[in-house]
Structures are given as structure tokens and as C-alpha cells.
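Thanks for making the time, everyone.

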Amino acid sequence: MDKIEITGGIPLEGKVMISGAKNAALPLLAASILVQGPVDYTNIPNLMDIKSIKLLLEDLGASIESNGSKVRINAASIYKAEAEYDLVRKMRASILVLGPLVARFGHAKVSLPGGCAIGARPVDLHLKGLEALGATISIEHGYIEATTDGRLKGNEFYFDIPTVTGTENLMMAATLATGTTVLRNCAREPEITALADALNQMGADITGAGTAAIRINGVGESLGQTQSILNSANSRNSSTESNPSLKPATINVIPDRIEAGTFMVAAAATKGDVLIQGAEPEHMGGIISKLRQSGASVDITEEGIRVKGGEKIKSTDIKTLPYPGFPTDMQAQFMVLMSIAEGNSVVHETIFENRFIHVNELQRMGADISISGGNYAMVRGVKSLSGAQVMASDLRASASLVIAGLVAKGVTTISRVYHIDRGYESIEKKFSNLGAQIKRC
Ligand code: UD1
């Protein structure tokens, strides 16, 4: 199994180009199910999670052509509406096919995603939302089965918690419903706005994405009824009418604000000077403010976001919140910066209940962190970290270990790096271009 080895202590310097956002690309690729024809994508990152969703779409019967960061998906050939356990268990975001499948085919069967390292992460709100749109939901033998007697029906639905993939799933489902759907207390992440923009390009009628209330006027009717070869969840042969669909489009994926944030924190932590190219500063308010509070200089220039580490790293409290608050996906990386700050910082994780797994590994590198009440961490800044053998436990935790390795004295070896390949494209190449001593072994 691959490991990453880093010899730390080198300030990062140079330019790095940010890839397309994983969390934007996943729902955008799932949205291809809503279209009976080709959808062309550009700026798709080369990541394990992207491979996982492509495999899943292919298994449903979609045809996929990939050429570097360009991907064409034609979902006209989908012949089954069943996402199997072996494909879904690799990536929880596979639940994103549920809404589009039930919208287009009137029924879907999707394996219930299991728990994951960072918490239980239920999908109850996705299911309640689909029920509000008229689907009947049952859970049997580990599978969610959603059925309708034709098309979904527009309705109002309130999310008890703003959920990112839940908002995306319901937004996609409602595009082909009859009538109008209003979703309230929606998540407001830029990836949701990007999905709404893409769906509108495909002929959907969505307003309000990026705010707490999203209004979706079902549009399928105006595009006309189409024939599908899909009849039942597992039939290849019988022919029946499917619901209407959206129309082909070309979609460009927005830049990855979490990848950009990870490089920004790494620049600050190593007291380097890095130009982050291709990122969207508008999406990164929380990260930029907190980096500035910690003493780094962050300049938004024509060429990109330039981050220069300050002489001193100042202790800074963070509290993770739904967008536009500080992202939970940057908590672990920021904690590394705080672990070498002057003074004490409090990190409050409010989104996931078990997202401090990286703390044990950072302690092995000399960080002084204690967890209290499950979702608070007190980080007492130390002068330096020291290289150690550590283990990645989840995607963002592994990014934090890479940053820790880059600042630590000596050699850090990170095992289980498959977690990092789920969400960071060419991470060792991008860091070594900035002068880091990092290699895969
Ligand atoms: C998405 C992101 C992930 C990020 C997270 C929070 C993708 C593919 N993944 O995950 O990188 O860390 O947002 O920004 O975009 N919840 C429920 N019931 C539900 C759904 C969610 O209780 O039906 C809870 C979750 O347990 C969690 C909170 O809502 O406490 C937010 O989770 P959610 O926004 O759904 O995260 P994901 O969409 O899974």
C-alpha cells in the first residue's frame, strides 16, 4: 500500500494551479442522469472519488468518454436504476444518484451508505425530502427503495439541518417534478450554486441557490415525453415510457476551494510564499479571514491568491459552520497551523461528531492538543513538530498530516494515503513543485 514520505522544514515557494472541485464535480456528474443525451464536462479532477462515481454511472448503463479533465456522459443508455452496495460503500456521495434516478425513472434502488470515519452521517433528510415530493421510501436488505406512481410532485420541504448533498439531491429530483418545489433551510455552499447553474443550463428552472430558500419549477413537461429502455430496476429488455428529461449541455467545474485552502494553510505553516492560481477568492472568505488573523498575509491579485507566512503564527480560534462559515473540511489542516502558533487556540467542530481523529496522529508528531466535550479541541502551540510515522484516517485528516509533515523536523511517513487520493489531485507533485521534499513510496 502506498505511503507518502516527507522531509519537512522547507518553506514552500512558487505557484500552484488548483484543480476542479471534487464536491462540485460529484453532483454535476450525477446530474447527467437527468439528461437523455450527452453532457460534456470540463475541469473534472483526476481523483478516486470521481472514478467511483463514473464506475457507478457506467454500471447503471451510462456511456462515458474521458480525455484528461474532459468527460462526456450519455445517460440515454441507462437500463437500471439500482446502485449496488459495492459501488456505494466506496463513497458516501454515491447517494447523489438517488434523486436524479427517481426523478427520471420514477423509481430507484440505492444501497444505504454506511457510517464513515468522521461520524454517522445519516441520509434521513434526503429521504424525508423525497417523501415530501411524493416518493414512497422503504429500506430493506440495506437498500433504499424510492418509488412514485409516475413523476415526483412539487412541494415545500424544510431541512432540519442544512445538508449539502441533501440539498443537491432534492434540487436535482425536483427539476423534473410536476409543479413547484420550495426547499427551505438549504445549504448555501458554492457547489450548490454551481449545480443549480448547470441544471439551469440543462433547461431546469431554479432560483435562489446560494440562499436558504431554493425554488424549483419542474420543467420536464415542456421538453416532451421520451422513450426509455428502462422498465424495472433490473430489466434490460422491456420498453416503457420514462419521465421527461433535461437537455444536453456543456458544464465547467468550479475550482476546489478546499484544495486551495489546503495549499494556503501549508504556505502559512511553512512560512513560505505561494501563489494559488485558479482559485475563487469569493468562495473562501472564512479561510482567508482566519489565515490573516493568524498572521499570514493573503493578497488577492490578478494572478491568484498570494499567501505569505508571517514571522509569527498567532493563535486563532475557529468554529466550523455551514457555508459561508469556516468549512469543516479545512478544520484539520488549520489545526496543524494552530499547533505551531504562539499561544492557545480553541477549535470547535459543529458539523461532524467525530472529526478529531487526526489529533492522535498530530500528538505523535509533538502537537499539544486536548479534546474536551467531544467537539472542542484546545490546541496549545508548540515551537516545532517532529517527523513521525503516522496513519491517514480520512480525506481531510490526511491533508493535515501532509501539512504537519511539511513543517516538522525530520522525516514523516504517512500510511493509508488512499484517503488522500480520493480528494487531492497529484498532491505530491504539486507540493514538490513548491520545493517540498515529498515522495510516494
Ligand atoms: C458534504 C461534503 C463534505 C463536507 C460536508 C459538510 C460533498 C460530496 N461532501 O458532505 O466534504 O464535509 O458536506 O460541509 O459535498 N445530516 C443529517 N441528515 C441528513 C444529512 C445530513 O443529519 O440526511 C447531518 C450530517 O450528519 C452532518 C450535517 O448534517 O452533521 C451536515 O452534513 P452534510 O452537509 O449532509 O454533509 P455531506 O453532504 O455528506
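Just after helix 10, Gly295 takes a positive phi, with a value of about 105°. Please keep in mind throughout that what we are looking at is a predicted model. Helix 10 itself covers residues 285-293, and within that helix Ile287, Ile288, Lys290 and Leu291 are buried. What do these buried residues pack against? Their partners are helix 9, at 257-269, and helix 11, together with strand 18, at 297-300, and strand 20.

The peptide bond that joins Tyr323 and Pro324 is cis, with an omega of about 10°.

Is Asp329 buried or exposed? Its relative accessibility is 16%, and because the cut-off for buried is under 20%, Asp329 counts as buried. The side chain of Asp329 makes a polar contact of 2.9 Å with the side chain of Arg355. If we leave aside residues up to four places away in sequence, Asp329 touches Arg355 and Arg396, and also Asn23 and Ile258.

Let me turn to positive phi values in residues other than glycine, where there are two asparagines to show you. Asn43, which is not a glycine, has a positive phi near 65°, and Asn43 sits in the loop that runs between strand 3, at 38-42, and helix 2, at 48-60. With a relative accessible area of 27%, Asn43 is partly exposed. Asn185 likewise has a positive phi, of about 55°, although Asn185 is not a glycine, and its place is the loop between strand 11, at 180-184, and helix 7, at 190-201. Asn185 counts as partly exposed, at 23% relative accessibility.

For a residue in a strand, consider Ala108, which is found in strand 7, residues 107-111. Ala108 is buried, with a relative accessible area of 2%. Which residues does Ala108 touch, not counting residues up to four places away in sequence? They are Ala81, Leu98, Leu101, Val102, Ile144, Glu145 and Ala146. As for a distance along the chain, Ala108 and Asp160 are 52 residues apart in sequence, and their C-alpha atoms are separated by 24 Å.

Finally, the chain as a whole. The chain has 15 helices and 26 strands, and its C-alpha atoms fill a box of roughly 65 × 45 × 40 Å along the principal axes. For 441 residues, a compact globule would have a radius of gyration near 22 Å, and the chain, at 22 Å, agrees with that. Buried residues make up 56% of the 441. If we take contacts between residues at least 6 apart in sequence, 73% of them join residues at least 24 apart. The chain exposes about 16,900 Å², and carbon and sulfur atoms supply 47% of that area. As for charge, there are 43 positive and 45 negative charges, and their mean positions are 4 Å apart.

Definitions and conventions:
Residues numbered from 1 in each chain as written. Predicted model: local features only at pLDDT ≥ 70, side-chain atom pairs only at ≥ 80, totals over all residues. Heavy atoms only, no water. Helix = DSSP H or I, 4+ residues; strand = E, 2+ residues; numbered from the N terminus. Rg over C-alpha atoms; globule rule 2.2 N^0.38 Å. Buried < 20%, exposed > 50% of the residue type's maximum accessible area, 1.4 Å probe, protein only. Contact = heavy atoms within 4.5 Å. Areas by Shrake-Rupley, 256 points an atom, 1.4 Å probe, with all protein chains shown as cover. Lys, Arg positive; Asp, Glu negative; His and termini not counted. Charge placed at Lys NZ, Arg CZ, Asp CG, Glu CD. Polar contact = N/O pair within 3.5 Å; in protein donor to acceptor, adjacent residues only side chain to side chain.
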